[in-house]
Structures are given as C-alpha cells and as structure tokens.
Amino acid sequence: MNGFDSIAEMRQALAGQRYLADEGLATVAFLALRLRRPLLVEGEPGVGKTELAKALAAATGAPLIRLQCYEGIDVHQALYDWDYPRQLLQLRAGGSAPLYSEEFMLRRPLLEALASDPARPAVLLIDELDRADDEFEAFLLEFLSDFQVTIPELGVIKAAAPPTVIITSNRTRDLHEALKRRCLYHWIDHPDLAREVAIARARLPHISERLTTQVCSFVHELRFLDLYRSPGVGETLDWAEAFHVLGRQQMDASTADRTLGTLLKERDDIERIRGKPVEALIDRANGVPKDGASGDH
Ligand SMILES: Nc1ncnc2c1ncn2[C@@H]1O[C@H](COP(=O)(O)OP(=O)(O)OP(=O)(O)O)[C@@H](O)[C@H]1O
Ligand SMILES: [Mg+2]
C-alpha cells in the first residue's frame with residue numbers, strides 16, 4: 001500500500017506533491033518504506049525535513065500523524081492519557097465499565113499511528129526529536145523497533161501494520177546510538193542551485209523564472225558567507241514571493257535591502273550584508289549563466 005516499485009517512481013510521486021528529493025534522499029526513503037524501518041533525517045533548518053513527511057503522506061494517500069516534540073514531552077502527551085472527567089462521571093453515576101479500559105483512554109499521536117487502518121498505514125512524523133529529553137527518547141525504543149507499546153493497565157498494543165515513521169532532528173543535541181540503530185539515516189543538505197531553482201519553480205509557478213533564478217542565485221552565494229544563520233529553502237521562497245508581491249519582475253538592491261527580514265532572521269546577519277554586499281551579490285546572481293537554472297530533476 002505504502003510502497004513504490006522503484007526509486008524513480010517514488011521521486012516522481014513526491015514531485016507530484018511539489019517535493020523535489022535528490023537521488024540520495026529518494027533512495028533512503030524508498031528503502032525505509034521497503035524495509036519498514038523508521039527514517040531519521042537531520043539537517044539545517046528549512047531544508048525540507050518536515051515537508052518530506054507531509055509529501056510522503058500526500059503521495060501515498062496515507063494520513064499524516066504528527067508528534068511535535070518539546071522539552072518535557074512525556075508518555076501522556078505522546079501516547080495516551082486517561083479521560084479523567086469521563087472517569088469521574090462514570091464513578092458518580094455508579095457505572096460498571098472498568099475505569100482503566102480503552103473506553104476511557106485518549107489516544108495521542110503514537111497510539112493513533114499504531115491504531116491506523118492496516119489497509120492505509122499512517123505516516124507518523126516525530127518532529128524535532130532533539131528537543132525532547134533523554135527519557136522520552138528511551139521510551140521510543142520499543143515503539144521504533146517493534147511498532148508496539150506497553151500500557152501498564154492494558155498490556156502490549158501492537159500495530160496491525162507498521163506506520164511509516166519519519167523522525168527529524170535539528171541536531172541541537174546528539175540522539176542516542178540505540179535510537180539511531182533502529183533507523184535509516186539521512187542528512188539533508190541545502191540544495192544546490194539547480195535544485196533550489198527547480199523547487200522554487202515548482203512551488204511558485206506564478207513568479208517569473210527570471211526573478212526566481214535571481215533570488216535562488218543570490219541565496220546560493222549568500223550561503224558561502226559565514227553567516228550566523230544561513231537561510232533555508234523556505235526563506236528563499238518567502239523572499240521571492242516578497243519581490244513578487246511588491247510588483248518586482250526582477251531583483252533590485254533597494255527592494256532587496258528593505259526586504260532582508262524575509263530572508264535573514266538575525267540582526268547581525270542583516271547589518272552585515274545590507275548595502276554594498278547586497279549590490280555585489282545581485283551582480284553575482286545576475287552573472288549566473290541562464291542554463292544554471294535548468295532543474296536537474
Ligand atoms: N526538497 C524540497 N522540495 C520542495 N520544497 C521544499 C524542499 N525542501 C524545502 N522545501 C520548502 O521549504 C519549506 C521549509 O521546509 P521544512 O519546513 O520541511 O524545513 P525543515 O527542514 O523541517 O526546517 P526546520 O528544521 O526549521 O523545521 C517547505 O515548506 C517547502 O516549501
Ligand atoms: Mg521542520
């Protein structure tokens with residue numbers, strides 16, 4: 001159900017969702033589906049980690065179940081909780097249904113993923129796992145190796161069909177070896193220029209090719225500078241959209257200067273490139289030969 005016959009077919013299905021995966025990412029994602037193993041993707045902000053799970057779900061027609069991790073997240077937010085108000089009502093009403101049964105259980109994302117329709121197993125996105133604590137990561141081990149969980153009051157609950165699991169991390173800390181061993185791994189880099197132009201063309205078909213190519217070339221050059229935080233693909237797209245909304249058919253230094261906050265989110269980075277560097281980068285961007293824009297997809 002969740003499978004593709006070939007890597008090429010998978011790339012095409014993702015492209016149909018306007019997600020352009022390079023050969024390396026498409027290969028590892030294909031294998032994750034085939035081998036039924038979770039896929040751990042790491043990379044700089046905005047390189048398409050979260051979007052991969054969304055595109056994969058849309059491409060396979062599977063429901064997307066998302067678990068956003070944060071410091072302090074625990075079993076009751078991730079797996080299940082008891083519906084205390086309903087339990088209380090039942091107690092007051094003198095009902096006979098057992099209080100700690102599925103009837104009074106609230107399913108959180110992990111349990112929902114295990115309970116999904118076997119004919120259409122869900123895509124489970126465990127987003128930004130590096131934000132969660134060690135204990136939570138340890139708790140995930142059983143889930144990731146056997147697609148099952150143990151609930152003290154109910155016993156072991158196992159998925160009828162394993163969900164497709166995508167785990168993302170921004171590497172604010174190292175994840176544990178034990179967790180990594182259970183996953184396939186891929187590091188997503190910033191796309192090269194041709195791919196970023198192809199992504200921008202796919203995502204922003206209403207914007208002229210000249211403008212998207214200029215913006216992508218500018219950002220490409222910018223990433224060679226040692227900025228505090230390099231812009232991701234999402235910010236490239238936002239910036240191109242900003243020029244478009246302001247009625248520009250191509251980049252000019254004055255508009256670029258005024259809209260830098262769409263692209264860069266650190267004051268020092270903005271101060272550093274405002275003015276002369278922006279002009280130089282636009283010149284460089286305009287020097288890119290036209291065939292640099294042809295997507296390699
Ligand atoms: N390969 C790609 N194909 C198409 N669009 C992409 C691709 N990579 C990134 N994008 C675009 O960039 C945006 C940002 O991507 P996404 O939110 O997945 O980044 P992320 O890696 O999860 O970042 P963060 O670490 O900040 O959460 C997406 O909404 C999408 O529009
Ligand atoms: Mg993300």
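Guide: In this predicted model, Arg203 and Glu51 form a salt bridge, with 3.4 Å between their closest N and O atoms. The two residues belong to separate domains: the chain is divided into domain 1, residues 7-188, and domain 2, residues 193-287. Across the interface of these domains, the rule finds one salt bridge. By class, the side of domain 1 that touches domain 2 has four nonpolar, two polar and four charged residues. Polar contacts also cross this boundary, and three residue pairs, both members at pLDDT 80 or more, are found in such contact between domain 1 and domain 2.

The extent of the interface can be stated in residues and in area. On the side of domain 1, 10 residues are in contact with nine residues of domain 2. Together the two domains bury about 770 Å² between them, and 47% of that area is on carbon and sulfur atoms. The centres of domain 1 and domain 2, taken over C-alpha atoms, are separated by 35 Å.

The Arg223 side chain reaches the backbone oxygen of Pro231 at 2.9 Å. Leaving aside residues up to four places away in sequence, Arg223 touches His190, Pro191, Glu196, Ser230, Pro231, Gly232, Val233 and Thr236.

Gln250 has a relative accessibility of 38% and so counts as partly exposed. With residues up to four places away in sequence again left out, the contacts of Gln250 are Arg210, Leu211, Gln214 and Phe243. With Arg210, Gln250 makes a side-chain to side-chain polar contact of 2.8 Å. Gln214 lies 36 residues from Gln250 along the chain, yet the C-alpha atoms of the two are separated by 7.4 Å.

Arg36, in the loop between α2 (23-35) and β1 (39-43), has a phi near 55°, a positive value in a residue other than glycine. Glu128, in the loop between β5 (123-127) and α7 (134-146), likewise is not a glycine and has a positive phi of about 60°.

As for the chain as a whole, it contains 15 helices and nine strands. Along the principal axes, its C-alpha atoms fill a box of roughly 75 × 45 × 35 Å. Of the 297 residues in the protein chain, 46% are buried. Among contacts between residues at least 6 apart in sequence, 71% join residues at least 24 apart.

How values were computed:
Residues are numbered from 1 along each chain as its sequence is written. Chains are lettered from A and ligands numbered from 1 in the order in which they are written. This is a predicted model: local features need pLDDT of at least 70, side-chain atom pairs count only at pLDDT 80 or more; totals for chains, interfaces and linings use all residues. Side-chain values use heavy atoms; hydrogens and water are left out. Helices (H or I, at least four residues) and strands (E, at least two) are DSSP runs, numbered from the N terminus. Domain bounds come from an automatic or database domain assignment. Contact means heavy atoms within 4.5 Å. Buried area is the accessible area (1.4 Å probe) that two parts lose on being put together, summed over both. A salt bridge is a side-chain nitrogen of Lys or Arg within 4 Å of a carboxyl oxygen of Asp or Glu. A polar contact is a pair of N or O atoms within 3.5 Å; within protein, one must be able to donate a hydrogen and the other to accept it, and residues adjacent in sequence count only if both atoms are side-chain atoms. Ala, Val, Leu, Ile, Met, Phe, Trp, Tyr, Cys and Pro count as nonpolar, Asp, Glu, Lys and Arg as charged, and the others, Gly among them, as polar. Buried means under 20% relative accessible area, exposed over 50%, partly exposed in between (1.4 Å probe, protein chains only).
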